Amino acid sequence: MNELIDKIEECISQLLRYDTNSFGEQAQYVVNLMITILPSIINCYSDPRMSDVREDAVYWPAQLERIIKALENDDSFEITDILYNETRINLMELRDTIVKRGLA
């Protein structure tokens, strides 16, 4: 999860610098990494210590879909909002919750 957070930050940094070649590669890496860890993220919600937020598990597949659509639309503002302001923040919150509840 930490790697995904870091890669999102790098990806958005490249986008804001108009480094389109590096951004494209980094964006694809972020999507692939998210696809790879998505099952683990969703699975953490099945732990009894996460029962009060279990329904949040559906957020992640929907968010991945939003990320892919934003990248396809090639809208820098939308990409920044979805990746940096939403996904990154929610990953950090989930990571903190997992640590606080003793799942990590």
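1. Let's start with threonine 87, which sits in helix 4 of this predicted model. Its relative accessibility is 0%, and because buried means under 20%, threonine 87 counts as buried. Leaving out residues up to four places away in sequence, threonine 87 touches Ile8, Met34, Tyr59, Trp60, Gln63, Ile67 and Ile82. With one of these residues the link is polar: the side chains of threonine 87 and glutamine 63 are joined by a polar contact of 2.9 Å. For a sense of scale, the C-alpha atoms of threonine 87 and isoleucine 35 are 13 Å apart in space, while the two residues are 52 apart in sequence.

2. Where is the kink in helix 4 centred? Threonine 87 again: the helix has a kink of about 30° there. The 25 residues of helix 4 should span 36 Å at 1.5 Å a residue, and the end C-alpha atoms are 34 Å apart, so the two values agree.

3. After the helix comes glycine 102, which has a positive phi near 75°.

4. Now for the buried side of helix 4. Its buried residues are Ile79, Thr80, Ile82, Leu83, Thr87, Arg88, Leu91, Leu94 and Ile98. Please note that polar residues, Thr80 and Arg88 among them, are part of this list. The cover over these buried residues includes helix 1, helix 2 and helix 3 (59–73).

5. Helix 1 (residues 2–16) can be read in a similar manner. At 1.5 Å a residue its 15 residues should span 21 Å, and its end C-alpha atoms are 21 Å apart, which agrees. Leu4, Ile5, Lys7, Ile8, Cys11, Ile12, Gln14 and Leu15 are buried in this helix. What do the buried residues of helix 1 pack against? They pack against helix 2 (20–44) and helix 4 (76–100).

6. Residues up to four places away in sequence aside, glutamine 26 touches Lys7, Glu10, Cys11 and Gln14. Is glutamine 26 buried or exposed? It counts as buried, because its relative accessibility is 11% and the limit for buried is under 20%.

7. Two loop residues deserve a friendly flag. Tyrosine 18, in the loop between helix 1 and helix 2, has a positive phi of about 60° although it is not a glycine. Its relative accessible area is 70%, so tyrosine 18 is exposed. Aspartate 74, in the loop between helix 3 and helix 4, is another residue other than glycine with a positive phi, near 55°. Aspartate 74 counts as exposed, at 60% relative accessibility.

8. On to the core. The largest nonpolar core has 30 residues, and those with the most contacts inside it are Leu4, Tyr45, Trp60, Leu83 and Leu94. Helix 1, helix 2, helix 3 and helix 4 each supply at least two residues of this core, and the largest share, 10 residues, comes from helix 2. As general background, nonpolar side chains tend to be buried together in soluble globular proteins.

9. Neighbours within four places in sequence aside, tyrosine 45 is in contact with Met50, Val53, Arg54, Asp56, Ala57, Trp60 and Leu94. Trp60 and Leu94 are also among the residues with the most contacts inside the core.

10. Finally, the whole chain. It has four helices and zero strands, in the order α-α-α-α from the N terminus. The C-alpha trace spans about 45 × 20 × 20 Å along its principal axes. A compact globule of 104 residues would have a radius of gyration near 13 Å, and the chain has 14 Å, which agrees. Of the 104 residues, 37% count as buried. Among contacts between residues at least 6 apart in sequence, 65% join residues at least 24 apart.

Note on methods. Residues numbered from 1 in each chain as written. Predicted model: local features only at pLDDT ≥ 70, side-chain atom pairs only at ≥ 80, totals over all residues. Heavy atoms only, no water. Expected span 1.5 Å × (residues − 1). Buried < 20%, exposed > 50% of the residue type's maximum accessible area, 1.4 Å probe, protein only. Contact = heavy atoms within 4.5 Å. Bend = angle between axes of the 7 residues up to and from the residue. Core = buried A, V, L, I, M, F, W, Y, C linked by side-chain atoms within 4.5 Å. Rg over C-alpha atoms; globule rule 2.2 N^0.38 Å. Polar contact = N/O pair within 3.5 Å; in protein donor to acceptor, adjacent residues only side chain to side chain.
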